[in-house]
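This report describes the architecture of a single protein chain, from one residue's surroundings to the overall fold. The sequence and the model are shown first.

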Amino acid sequence: MNRVLLDLQQLDTQILGLSRAKKALDDGTSARTQRDATRTLLEAARVEERGVGQTRRSREGELEATEAKIARQKARLGSSSSAGDVAALERDLVGLSHARGELDETILELMDEGEELQKRIEQLESELLKNEEEVALIEADFASQSGALDKQMAAKRVARPAIANMLSPAETEKYGASFKKFAGVGVSEAVKGVCSACGTSLSRDFLRDAAGEAFPQCESCGRLIFVGAS
Ligand SMILES: [Zn+2]
């Protein structure tokens, strides 16, 4: 068998290896997904914090109005002489004071909630910053590594025609068919009597005959096999 078939296989194996290495590189997809998830959480926390702030301001307005009303009713109570008015004003003041107590409590709760959300926002902001740094790092790494692999692949591809052109049409056809059938490794080599692709020990008879054949195939896996003259 023409040794060039094996040379071409070795070159194609290198090209395939480089292409697989490129595919295996981390292009930053998962880091970007993580970053986007953090950003979504941060935006949601900011919206929630704004909502809590608005509710708190509106309750504070209600508290102010309630306190003003309490002051007014107290003034009226001070100047009232009718027993019926006094009783009504006192009932009103009990209700107002109860409402004020509830508003005070609600405002305190909303302040706590706002502080918790503020803490969470700060945590998420620092997490987002880390995520963004991670993405930038991985993307830069990917660019340099894939660039290096592209360069190596391009050099191999440029070298390929010179080798491929040394094959006869029949050899080219056999090579192509075997390459396809065996998913990229269509030509093996007998190394110390063993098929380099499937690892089977080849018989003495096979090795002797194969050395002189144009397209010998491994007894076990069926790949074209280069058997050097012993
Ligand atoms: Zn084999």
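## Arg59 and its surroundings

Leaving aside residues up to four places away in sequence, Arg59 touches Leu103, Thr106, Ile107 and Leu110; two residues are in contact if their C-beta atoms, placed from the backbone, lie within 7 Å. Arg59 is part of helix α2. Because 18 C-beta neighbours lie inside 10 Å, Arg59 counts as partly exposed. For this classification, a residue is buried if 20 or more other C-beta atoms lie within 10 Å of its own, exposed if 12 or fewer, and partly exposed in between. Between the C-alpha atoms of Arg59 and Ser97, which are 38 residues apart along the chain, the separation is 15 Å.

The model is predicted: local features need pLDDT of at least 70 and side-chain atom pairs count only at pLDDT 80 or more, whereas totals for chains, interfaces and linings use all residues. Residues are numbered from 1 along each chain as its sequence is written.

## Overall architecture

The protein contains five helices and three strands, arranged from the N terminus in the order α-α-α-α-β-β-α-β. Helices (H or I, at least four residues) and strands (E, at least two) are DSSP runs, numbered from the N terminus.

The radius of gyration of the protein is 41 Å, while a compact globule of 230 residues would have one near 17 Å. This radius is taken over C-alpha atoms, and the globule rule is 2.2 Å times the number of residues to the power 0.38. Along the principal axes, the C-alpha atoms fill a box of roughly 130 × 35 × 25 Å. Of the 230 residues, 14% count as buried. Among contacts with a separation of 6 or more, 71% are between residues 24 or more positions apart.

## Packing of α2 against α3

Helix α2 (residues 29-79) and helix α3 (residues 83-164) have axes that come within 6 Å and cross at roughly 160°. Axes are lines fitted to C-alpha atoms, for helices over the stretch in contact, and angles run from 0 to 180 degrees between N-to-C directions. The crossing angle therefore makes α2 roughly antiparallel to α3, a term for angles over 145 degrees.

The crossing of α2 past α3 is left-handed, meaning that the near helix is turned anticlockwise from the far one by less than a right angle. The residues of this contact comprise 23 nonpolar, eleven polar and 23 charged. Here Ala, Val, Leu, Ile, Met, Phe, Trp, Tyr, Cys and Pro count as nonpolar, Asp, Glu, Lys and Arg as charged, and the others, Gly among them, as polar.

## Packing of α1 against α3

Helix α1 (residues 3-24) also packs with α3, at an angle of about 160° and with the axes 10 Å apart. This angle makes α1 roughly antiparallel to α3. α1 passes α3 in a left-handed crossing. Residues making the contact include Val4, Leu8 and Leu11 of α1 and Leu149, Met153 and Ile163 of α3. By class, the contact residues are eleven nonpolar, four polar and five charged.

## Positive phi in two loops

Most residues other than glycine have a negative phi. Ala183 has a positive phi, near 50°, and is found in the loop between α4 (169-181) and β1 (187-191). With 8 C-beta neighbours inside 10 Å, Ala183 counts as exposed.

Lys192 likewise has a positive phi near 50°. Lys192 lies in the loop between β1 and β2 (194-195) and counts as exposed, with 7 C-beta neighbours inside 10 Å.

Definitions and conventions
Parallel < 35°, antiparallel > 145°, perpendicular 65-115°, else oblique.
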